[in-house]
Amino acid sequence: MRNLTTVQKKHKYYRTIRGLTIASLVLAIVLCLIILIEGATPAELSAKQSNFVSDVIKSVLKREDKPEVMALAGISISAESGFTDESTQMDVDYLPSGAAPCALTFTSSNLKAATVSEDGVITYVGYGKSTITAESASGRFKTSTVVECYGTNPKHITDLSVNKTILTQGTRTTLALYDQNGNRVKTSIFKIKSDNKSVLKIDGSRTLGLSEGTANVTFSHKKSNFSRTVKFTVNENPDFVIPESFAFESDVLNVTVGDTFDLDKLLTAVTPNGASTLYTTSVDFADDVETIEWQSANRYEVQNAGRATITVTSCFNPACTATLTINSVEAVPTSLSIVSRNSRLVIGKSYTLKAYGDSGYVDCVNWQIIRGKAKINDSGIITSNLAGKITVRATSTLDPTVYADIDLEFALFQNFKSMVRTMVGHLGLFMLFGICLSLFLFLVVKPRGIYPLITLGCGFIVGIISELLQMPTVTTGRYASWTDVLIDTSGTFCGIAITSIVILLYVLIKKKFRGDDFTIVSNVFSSTHGTTAFRRHGKLIATDDSEYKRK
């Protein structure tokens with residue numbers, strides 16, 4: 001091989017530098033576009049991409065993430081009510097969702113209404129209600145639900161009878177219906193209509209005798225096309241007195257979730273004495289939270305914490321009213337447990353912790369961090385920007401002696417798949433971007449020493465733009481994180497470091513083993529900048545082009 005002249009070597013190195021400059025710029029632009037496109041990719045597609053990459057890496061490394069087993073904090077059961085001889089499967093929810101299930105034992109409080117098998121299958125026997133209880137083998141978890149047998153299915157009813165058809169003015173009667181075989185049937189499954197409301201008024205499952213006379217009451221069931229009309233008679237009451245005022249024993253009733261109360265027993269004062277207490281009710285709920293639910297007659301069950309206002313109005317005197325405010329609070333738990341969907345949390349992200357008591361989710365708790373560095377608000381939303389172990393405590397605001405602790409850990413990655421997503425999608429791409437952009441800037445920018453700062457600044461800006469594209473208002477299902485911006489910037493810094501190390505090694509090796517070539521490369525490099533790097537022929541060869549052409 002012939003020896004190259006100095007000018008030929010200059011041309012050779014110039015072409016190499018020119019090629020590196022163009023290639024590094026093109027790759028930097030392509031990588032920047034890839035980063036921005038990935039940032040604007042919807043969550044579902046982005047997840048599929050990252051899952052595919054992580055699955056490939058896991059198959060190569062033979063690495064599998066162990067699924068996190070969530071601690072069981074409680075159980076909840078429910079079932080649909082039904083008619084006699086029907087069966088339904090009990091629905092069991094293990095709290096929180098995704099917690100490991102446990103073996104349960106089921107019992108029924110009223111076997112004449114419903115029976116329950118060991119598998120949680122409820123069979124309805126006859127009219128009535130029954131409390132179905134589910135209990136874990138350890139006895140730690142126990143819950144119950146009320147189911148109801150409506151009696152005979154209207155599809156099988158051919159005749160209907162009523163317990164009482166003769167009333168006295170100013171009195172009320174709870175309706176009891178029976179089929180052709182004398183079996184009790186639930187009243188509320190029928191549509192009930194009186195043709196003379198001035199004589200007889202229907203209030204749910206009750207009849208109100210308002211004045212002397214007769215009224216025909218129709219009981220119909222749309223799905224079964226069943227219909228029966230029964231004649232009711234209201235007799236005159238010589239002792240009937242129209243009420244002038246109503247009053248409850250107290251204006252406010254404080255109750256606990258799960259309690260029941262009888263409105264009739266609370267309405268203790270009516271004037272004049274002996275006046276009729278027949279009334280209609282209306283309920284207003286504060287903040288649209290349905291705190292109470294009508295059960296039967298004038299009994300109500302407290303369903304949720306909150307406030308409700310009950311107003312009763314006399315059936316005979318619209319001006320005769322009384323108001324009762326119901327304040328309901330959560331039941332005081334005897335124990336608490338805290339549940340987090342993950343024991344290993346990612347720094348910079350928010351997670352919601354939940355506290356569970358004896359019968360399910362508990363809202364009245366005070367959250368605090370008793371060990372470690374993290375922040376948690378009143379709703380149990382926790383976040384931290386530092387890695388490390390922490391301990392969270394939830395204390396019942398109804399009983400400060402009842403509390404629970406949970407140990408958690410904040411880390412950079414939640415699992416292997418999360419690590420792959422971050423390393424490839426953030427650190428990896430930005431590291432390649434940093435290598436290409438820093439090499440380009442090193443070759444064309446003067447003074448040369450500022451290329452790391454420019455590259456790092458560009459990486460930071462691209463990282464911010466990428467995260468802004470991931471905001472929920474821009475891209476569905478994505479979220480932005482300052483932690484990811486820092487990881488992106490760290491990837492850019494790694495790219496700068498790799499480029500600098502490679503350049504340094506090249507300089508040291510070239511200078512030690514090929515000093516003459518190193519001098520030529522230095523001269524060519526010093527003459528290369530943003531203008532000359534893209535020219536086909538640089539100024540460095542213009543002085544002696546004839547020597548280059550000579551064979």
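Helix 1 (residues 6–39) and helix 5 (residues 451–469) pack with their axes 7 Å apart and at an angle of about 25 degrees, so that helix 1 is roughly parallel to helix 5 (angles under 35 degrees count as roughly parallel). The two sides of the contact (heavy atoms within 4.5 Å) are as follows.

| Helix | Residues in the contact |
|---|---|
| Helix 1 | Cys 32, Ile 35, Leu 36, Gly 39 |
| Helix 5 | Val 462, Ile 465, Ser 466, Leu 469 |

These residues divide into 6 nonpolar, 2 polar and no charged, with Gly counted as polar.

The model is predicted, and local features need pLDDT of at least 70, side-chain atom pairs count only at pLDDT 80 or more, and totals for chains, interfaces and linings use all residues. Residues are numbered from 1 along each chain as its sequence is written, and side-chain values use heavy atoms, with hydrogens and water left out.

In helix 7, the residues Asp 517, Phe 518, Ile 520, Val 521, Val 524 and Phe 525 are buried (under 20% relative accessible area, with a 1.4 Å probe and protein chains only). Seen down the axis of helix 7, the buried residues fall within an arc of 160 degrees, so they line one face of the helix. The 12 residues of helix 7 (residues 515–526) should span 16 Å at 1.5 Å a residue, which agrees with the 16 Å between its end C-alpha atoms.

Phe 226, in strand 18 (residues 226–235), counts as buried at 6% relative accessibility. Phe 226 lies 71 residues from Lys 155 in sequence, yet their C-alpha atoms are 7.5 Å apart in space. Leaving aside neighbours within four places in sequence, Phe 226 is in contact with residues including Pro 154, Ile 157, Leu 160, Phe 190 and Phe 219.

Notes:
Helices (H or I, at least four residues) and strands (E, at least two) are DSSP runs, numbered from the N terminus. The expected span of a helix is 1.5 Å times one less than its number of residues. Buried means under 20% relative accessible area, exposed over 50%, partly exposed in between (1.4 Å probe, protein chains only). The arc is that of the directions from the helix axis to the C-beta atoms. Axes are lines fitted to C-alpha atoms, for helices over the stretch in contact, and angles run from 0 to 180 degrees between N-to-C directions. Angles under 35 degrees count as roughly parallel, over 145 as roughly antiparallel, 65 to 115 as roughly perpendicular and the rest as oblique.
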